[in-house]
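Please examine the sequence and the structure shown below. The paragraphs that follow lead through them step by step.

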Amino acid sequence: MDFIHLNINDMFDFELALLFRIGASILFAFLLGLEREITGKFAGLRTHILVSAGACVFTLLSIYAFKMQVIAGFAGVNDPARIAAQIITGIGFIGAGTVMRHGNNIYGITTAATLWMCAAIGMACGTGMFDIAAVATIFSLIVLVLVRKFERNFLSSKSY
C-alpha cells in the first residue's frame, strides 16, 4: 500500500481499521482481565486491557509507522519483528512484578502468564489476525476457569 497516494476516503477507512484492531484487543483483554478481577488476582481489568491495547498499538506502529517514514524519504528500518521482540521482553518485566513470594508459596505466576497472553492477543489484533486472537482468548479462559476447577476437584492435596 502506497501511503502517499491515499485519498481522504481511503485514509479514513485505513484509520477506522486501525481503531477496530485496537478495539478488538481491548475486548479480548477485557474477557481475560474480568476473569482475573472476579477471582481477586493481582492484575485485573485495567492492567490486562492496557497491556493488550499497548501491544496492539506498538504492533501497528511497527508495521505501518516506520514504513510511512521510509516512503516519505526518511531513513529508517522497517522490521516489525524488532518491536515484537521488545514487546515480549517488556511484558516479561511487567509480569515479573505480579509474582510474589510469601514463605514457601509463590503467587501471581498465572496472572503474569495472562498478561503475556494478553500481549500476544494484542499483537494478533494489531496484525489483523482476529481469528487467532479470538481462539487464544477462548483457550486462555478455558485454562483459567476449567483447569482451576479440575485442580480443586482432583488435585486436592494442594491448596488453590
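The buried residues of α4 are T111, A112, T114, L115, C118, A119, I121, G122, M123, A124, C125 and G126. Here, buried means under 20% relative accessible area, exposed means over 50%, and partly exposed lies in between (1.4 Å probe, protein chains only). Helices (H or I, at least four residues) and strands (E, at least two) are DSSP runs, numbered from the N terminus.

This is a predicted model, in which local features need pLDDT of at least 70 and side-chain atom pairs count only at pLDDT 80 or more, while totals for chains, interfaces and linings use all residues. Residues are numbered from 1 along each chain as its sequence is written, and side-chain values use heavy atoms, with hydrogens and water left out.

The length of α4 can be checked against expectation. The expected span of a helix is 1.5 Å times one less than its number of residues. For the 18 residues of α4 this gives 26 Å, and the end C-alpha atoms are 26 Å apart, which agrees. After α4 comes G128, whose phi is positive, near 85°.

In soluble globular proteins, nonpolar side chains tend to be buried together. A nonpolar core is a set of buried Ala, Val, Leu, Ile, Met, Phe, Trp, Tyr and Cys residues joined through side-chain atoms within 4.5 Å. The largest such core in this model has 25 residues, and those with the most contacts inside it are F28, V51, I87, A119, I121, C125 and A133. At least two residues of this core come from each of α1 (8-38), α2 (45-71), α3 (80-96), α4 (109-126) and α5 (130-154). The helix that gives the most is α4, with seven residues.

Which residues does F28 touch, leaving aside its neighbours within four places in sequence? F28 is in contact (heavy atoms within 4.5 Å) with I121, C125, F130, A133, A134 and T137.

**Cysteines and aromatic rings**

A disulfide is a covalent bond between the sulfur atoms of two cysteines. In this analysis, a disulfide is a pair of cysteine sulfur atoms within 2.5 Å, and the structure holds zero of them. The sulfur of C56 is 5.8 Å from the closest cysteine sulfur, in C125, which is too far for a bond. C56 is buried, with a relative accessible area of 0%, and C125 is likewise buried, at 0%.

The structure holds three aromatic pairs. Rings of Phe, Tyr and Trp (its six-membered ring) pair if their centres lie within 6.5 Å; planes under 30 degrees apart count as stacked, over 60 as edge-to-face and the rest as tilted. F14 lies in helix α1 and Y64 in helix α2, so the pair ties together parts that are 50 residues apart in sequence. F14 is buried at 11% relative accessible area, and Y64 is buried at 17%.

Another pair joins F150 and F154, with ring centres 5.2 Å apart and planes at 40°, so this pair is tilted. Being four residues apart in helix α5, F150 and F154 are separated by about one helical turn. F150 is partly exposed at 43%, whereas F154 is exposed at 60%.

**The chain as a whole**

The chain has five helices and two strands, and from the N terminus on its elements run α-α-α-β-β-α-α. Buried residues make up 30% of its 160 residues.
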